[in-house]
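Dear colleague,

I am handing over the structure below, together with notes on what was found in it.

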Amino acid sequence: MKARRLVDFLIALLLSSVVALVFRKIVRLWWMFDDPFHFNILQRVSVIGTLYDKLLYNALGTPLFTPFLMMSLKIDLVLFGAKARSFYVHQLVVVALLPAVEYLLLRLWCSRVVAASTALTTCLAGPTLSVVPILMLRHYIGGAVLAMIATILFVRALREGSTAMAVASAIVYFIAAGTKEIYVPLPALLLVIPEGTWRQRIRMLVPQAVAGVLAAAWRLSIIGMNVGAYGFVVRPEERFGRMVTLPLRAVREFAGSRSAFAIALTVAVVACAALLFVRVRAARLPLAVAIVVALIPILPVATELQPRWAFALWLVFSISVAFVPRALPRGLIAVLIVLLLAIGAHATEWPSRFRSVRRMSDEARLFITLGPNDVLRNAETPPVTLGQLATRFPGAHGRAANDDLDLCAMTGTLHRILEYDVRRREIVDEGPKPIVDSCKGIRTMPLSADFTFDEPGSFFWRLGPYSDGTYSFVLPGAQTYEVHRDGGFRSPGLPGLTFRVRYRSPSGWTTYSPDIKVDMIARRHTTFVRK
């Protein structure tokens, strides 16, 4: 028994090493997305305060309660300050734990080859690639690691009849629930796994139930009942249709940029799950519950599905591959084929994914060095990120512009106009010509915008009259957000917004509305029409 455990430990260590090697380049990255925002609001909070400070969670502006993510980032801030590399080393350690723990979980039921192959499949492809390089998404992987440990302890509690193991499982589950809320429904899955009897599982789940109640009470005491959608949303009458299509849209995220290998991998893992459901009676209820458990937490954000929101569902489908040998006489071959497809998907998907985050990282790193007459133009980095960086680094005197209208009269006074060159894969000084050319294309053309308030905390729009081209909202500071022609936005704490509507024609010209104020308190119907 000791020899078997030693071999499993060494294989788990090897898997961690392989995954750490594969993703090693993330330690070259800098602050991106919500990183500077998180650091700014965490400055005034103590490490322990991240667990209970209501002002911190009010400042987040979303109905999310992730105290152990906040604690993790705060600890990094205390230990490492502005040393981004150390943050990403921490991130890489968390990522490297995932294949090791998944392997040990699958070893409860599967052979070493199957368990190792499946763990690598989970880590090398699918939505995992979208989560790995982003600090603000650390809790997806960390929560998964904790949820798997809680499951291992629960199964051991059943097999050994150990109440102590059940309590330990409940404690780890409580931390997982406080790390990322998508893991809150885990006990529902543990209730139906084919281990022990129903009576035994119910008895061993009592500590989990207590932990779940405590987690719910903790959340209620800090941020209340709010579990609604936020960000871009659709109109209330359209939401049922979006929810119905959620499983299909979530599975589509497995394929990433739709490379041939990624599509083949998606088809393969879905086929494995379907085969398992059809051929193995004992797997039907656990698989069905696992899918439901993975989908329920993302229902509030079902409108604009992001790859990270499909991560839990990816865990379900990729892990189901490990049990295909129970459905097919030569199921091991299927497992190995899926692994090969995952390796191919990684080779085609990860380079482009990493280039995108590396670009944002480089843009953010450069932004804080700009002088007062420098402009970073058309950055892929979200505008809000650069704004928060300017707050965190007062020495940053430049500006970022994702729209040229305000720059048209300034080209003679600007020193450097910096923009990412896709061909050279670096940021270069383009000079004033791109702005001059862009400004020449600005015209006064027909444009319409209609804003309504169908529910509190949200506003909805219809833009026209064009069905092609691209529409954007341009906020003060040339912050630009591309939007659908018919859409909505929800942010209950937001009093209102002032912005221009921009339309860019496929033929190259651009037109703008005047400033439009959307008042989410008065909620007055607002319309602009230019014929």
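Helices (H or I, at least four residues) and strands (E, at least two) are DSSP runs, numbered from the N terminus. In these terms, Ala-125 sits in the loop between α6 (112-124) and α7 (128-131). This is a predicted model, in which local features need pLDDT of at least 70 and side-chain atom pairs count only at pLDDT 80 or more, while totals for chains, interfaces and linings use all residues. Residues are numbered from 1 along each chain as its sequence is written, and side-chain values use heavy atoms, with hydrogens and water left out.

For burial, a residue is called buried under 20% relative accessible area, exposed over 50%, and partly exposed in between (1.4 Å probe, protein chains only). The areas themselves come from the Shrake-Rupley method with a 1.4 Å probe, and for residues only the protein chains shown count as cover. Ala-125 has a relative accessible area of 1% and is therefore buried. Its C-alpha atom is separated by 33 Å from that of Arg-485, which is 360 residues away along the chain.

Disulfides and other cysteines

A disulfide is taken here as a pair of cysteine sulfur atoms within 2.5 Å, and a search of the whole structure finds one. It is formed by Cys-408 and Cys-439, whose sulfur atoms are 2.0 Å apart. The torsion about the S-S bond of this pair is about -95°, so the disulfide is left-handed. Because Cys-408 lies in the loop between β3 (399-401) and β4 (416-421) and Cys-439 in helix α20 (residues 433-440), the pair ties together parts that are 31 residues apart in sequence. Cys-408 is partly exposed at 28% relative accessibility, whereas Cys-439, with a relative accessible area of 18%, is buried.

Cys-123 is in no disulfide, and the nearest cysteine sulfur, that of Cys-110, is 15 Å away; with 2% relative accessibility, Cys-123 counts as buried. Cys-272 is likewise in no disulfide, the nearest cysteine sulfur again being that of Cys-110, at 12 Å, and Cys-272 is buried at 8% relative accessibility.

The loop that holds Cys-408, between β3 and β4, also contains Ala-409. Ala-409 counts as exposed, at 76% relative accessibility.

Another is formed by Arg-359 and Glu-363, with the closest N and O atoms 2.8 Å apart. Because these two residues are four residues apart in helix α18 (residues 331-367), they are separated by about one helical turn. Arg-359 is buried, and Glu-363 is buried as well.

The side chains of Glu-419 and Arg-377 also meet in a salt bridge, at 2.7 Å, N to O. This pair links distant parts of the chain, with Glu-419 in strand β4 and Arg-377 in strand β2 (residues 374-377), 42 residues apart. Glu-419 counts as buried at 14% relative accessibility, and Arg-377 is buried with a relative accessible area of 7%.

Surface patches

Patches are made of residues with over 30% relative accessible area and no salt bridge, like charges being joined within 9 Å and nonpolar side chains (Val, Leu, Ile, Met, Phe, Trp, Tyr) within 5 Å. For the charges, Lys and Arg count as positive and Asp and Glu as negative, and His and the chain ends are not counted; the place of a charge is taken as NZ of Lys, CZ of Arg, CG of Asp or CD of Glu.

On the surface, Arg-24, Lys-25, Arg-28 and Arg-85 gather in a patch of positive charge. Of these residues, Arg-28 lies in the loop between α1 (2-22) and α2 (35-42), and with 43% relative accessibility it counts as partly exposed.

A nonpolar surface patch of about 410 Å² is made by Leu-6, Phe-9, Leu-10 and Leu-13. Leu-13 is found in helix α1, where its relative accessible area of 46% makes it partly exposed.

Notes:
Salt bridge = Lys/Arg side-chain N within 4 Å of Asp/Glu carboxyl O.
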